[in-house]
Amino acid sequence: MIIITVLDLQQVNKKYKNQQVINNVDLRLDKPGIWALVGPNGVGKTTLLNCICNIIPTNSGKIELLGVSNKEYKVFQQISYLQDNTVLFHYLTGYDHLKYVCDIHKLPKSRIKEVAEYVGMESYLGKKVGDYSLGMKQHLLVAVAIVNKPKLLFMDEPLTGLDPSSAILMRKILLDLERQGTTIILSSHNLAEIDRVTNQIIFLKDGKLIEIDRTEHVETHYHFKLSNYELGIKVLNDSGYSIQTEDKVIKVDVKEEALDQCIQQIQNSGIAILDIQKEVSGSEKLYEEYFGKQD
Amino acid sequence: MMKLFLFEWKKILKKKTTWVLLILSLTATIGIYFFHLSLANNVEQKVINHYDFLINLSLESAEDSRLAKEKAIKEEDEDLIEQATMEEEHYRTSVEKYQSAKKSYVDEEWEVLYQRELDSLETYAYPSQYENAVFIAEGGGEITNFTLRATFEERKYMLDHKIDPFIQNTIYDMYLRTAYEDFDSKTLEIWEEMTDRYGKQGIYYIYQLIQSLYIPIIILLGCFIFGNTLSSETTKKNNGIRFHQVLPLNQTKLFVAKYLTGYLGILLFFMLMIVAPLIVGTLMHGFGYLDYPVLIYDGYTTEDMWKNAMEDTFHFITLQEYLSKTVWFALAMSLLIYSLYYLVSQFSKEPIFNTIIIGVICFVGMQFQHPYNPFSYLDIDKVISHEIQLETWNTDITYITGIMIMLVIGFIFTVGNYIRFRSRRTN
């Protein structure tokens, strides 16, 4: 079986003055999905992502992305990195940013409109970024990151500082991308948000990575918003799913691998799925195991 | 590459600060022109007033002589009558002479004035005996024979080619200031007042700007406005460089696009800062004369490298030739200053601080004149006119050496910039 290595870190080190931020890190991700890079503030999550994306140099080690060295600039044809909003040019419009990225990726202009509509920023696409709110900037960063339909997407704190509607949109985008086969590595310290998008966690502690797959240890729920709430409850109950309801949202306890079947059953009953969100619980407990209880 | 380049330009053009600084710079340079113009007008008025003063003085003297003559007639004093008649006639002639000179000046009949100057200068510029080849200027200084000869030849050239002069604060000979005078205190003050020139026409004004270190100053100002294509994107508030770094972009091309954008910006700014006052000057008082003679020192005639005002020679080049040399020189200089600014800006992010640093480096560098010191060549006028060779007793400081040195050092700094840029990312 041929395994495509999405990310391969070998003996990676990064030191700032006397502080060893990344300490002989080895990591190999072979399967797609969403991976959360978790650790307290200041532990080096952003540094690690910056090293992986060759924004800052490592002191030693080898990094490969999709089987290609991260020093090869062409690797970014299939990779994106959502950084913080200081990378944006406040005197340019969102359109200017997207046009430039499309030009570099040799994508048609129509992709700008497409992606702007997808992230819900078409109404302010022509405004200067300096006039954007935090959420708007985050939308633009997402648009920039996904415009090239990346196979591997790094996201630095994508869920931080978002208002509820933006957070919902962001989760939807993450799950959409995951379904499309994009591997996402996102850094975050927001465990509740992580629980809603993935159960694959990489802890960063003392410069070392600890890879955890919580699939066997955590509960995965999907929240459905359906066009016919009552019928939806009936269909799911009849199909033997364990469900809970709250504010016209049906919370279904279903494993990842059974999700497609569940969706098909709902759709076969003539019910449209308006929204779908993932929730994984149990991160906090794991976090406390590794980092101790936070006050 | 072109897309990168256009994006860099878009960023520059969409920055408000770029436009604010451009407008301020243009306003300043045009404002300086009008200030210069008002000084020129004042000087012109002073010259006319001086003529009026002399005319009135002569008229009064003539009237006094007439009254003296009337009195002498009553007293039947023949000697006094004859003396007073002669004096009156002399003053009447002076009145006519000054009125005629004033009319020529007001009507800009320069050929008449040039001829009069040539008649007056020839004796001093080319005396039969060297011992007599001095002229006592107002204030008591001696004008060197070199200056007298240069002034004479300049006037002769201007008469032959029908060229309008600069405005000068004198009704007598409009001396050309040269490097040969060595006046001090009060004499120097008078000499400078007499020989300060004011160009009202567009190209004359540009010539004067070049003499005032205008070109290195605007290149530095251009660096301040356009030379931050990299440094402005590597601050804590704006980390835009990282926007590019995660795109499939060749980093060398990114550097070239950023570097060239800044350099092109400076060149365009330079052109604008030259063309704007040129247009304003031309609209106000005409273009001027491209065949205006610019003095070039031929250097020392003595082996001990000492100025010999009697023997040292000179020649003139046209203003057109001077300006074309200046353009090539400015191109080399812009590369030198820009590459140095860019290098400094890769370590320090604050444009004002960087501009001051480069200004200080240039100023200090100018103090240590040496053929291999690129900053020795910042005063373009002194290099083209060879005045710098007289000042430093070094004939190796030449126009060609200057261009070569500035290009070579500019290229080295450019490579340094690239190495620094690459080392940030790949260590």
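Strand E4 (residues 60-65) of chain A pairs with E5(A) in the antiparallel sense, over two bridges. Two strands count as paired if DSSP finds at least two bridges between them. The model is predicted: local features need pLDDT of at least 70, side-chain atom pairs count only at pLDDT 80 or more, and totals for chains, interfaces and linings use all residues. Residues are numbered from 1 along each chain as its sequence is written, chains are lettered from A and ligands numbered from 1 in the order in which they are written, and side-chain values use heavy atoms, with hydrogens and water left out.

**Strands of chain A**

- A:Leu65 stands opposite A:Val68 in E5(A).
- An open sheet of four strands in chain A runs in the order E2-E1-E4-E5, with antiparallel pairing.
- Strand E2 (19-29) and strand E5 (68-69) of chain A stand at the edges; each has a single partner strand, so one side of each is left without a neighbour in the sheet.
- Strands E12 (residues 242-246) and E13 (residues 249-253) of chain A also pair in the antiparallel sense, over five bridges.
- A:Ser242 stands opposite A:Asp253 in E13(A).
- E12(A) and E13(A) form a hairpin with two residues between them. In the turn, A:Asp247 has a positive phi of about 50°.

**Interface of chain B and chain A**

- 26 residues of chain B are in contact with 32 residues of chain A; contact means heavy atoms within 4.5 Å.
- The buried area is about 2,800 Å², and carbon and sulfur atoms give 64% of it. Buried area is the accessible area (1.4 Å probe) that two parts lose on being put together, summed over both.
- Two salt bridges are counted between chain B and chain A. The rule asks for a side-chain nitrogen of Lys or Arg within 4 Å of a carboxyl oxygen of Asp or Glu.
- B:Lys14 forms a salt bridge with A:Asp96, with the closest N and O atoms 2.6 Å apart.
- Helix H1 (2-14), helix H9 (241-245) and helix H15 (399-426) of chain B each give two or more residues to the side that touches chain A.
- H1(B) gives the most to that side, with six residues.
- The side of chain B that touches chain A has seven nonpolar, eight polar and 11 charged residues. Ala, Val, Leu, Ile, Met, Phe, Trp, Tyr, Cys and Pro count as nonpolar, Asp, Glu, Lys and Arg as charged, and the others, Gly among them, as polar.

**Domains of chain B**

- Chain B is divided into domain 1 (108-198) and domain 2 (202-426), with bounds from an automatic or database domain assignment.
- The C-alpha centres of the two domains of chain B lie 33 Å apart.
- 23 residues of domain 1 of chain B are in contact with 22 residues of domain 2 of chain B.
- The area buried between domain 1 and domain 2 of chain B is about 2,000 Å², of which carbon and sulfur atoms give 66%.
- B:Phe166, B:Ala179 and B:Tyr180 supply 31% of the area that domain 1 of chain B buries against domain 2 of chain B, more than any other three residues.
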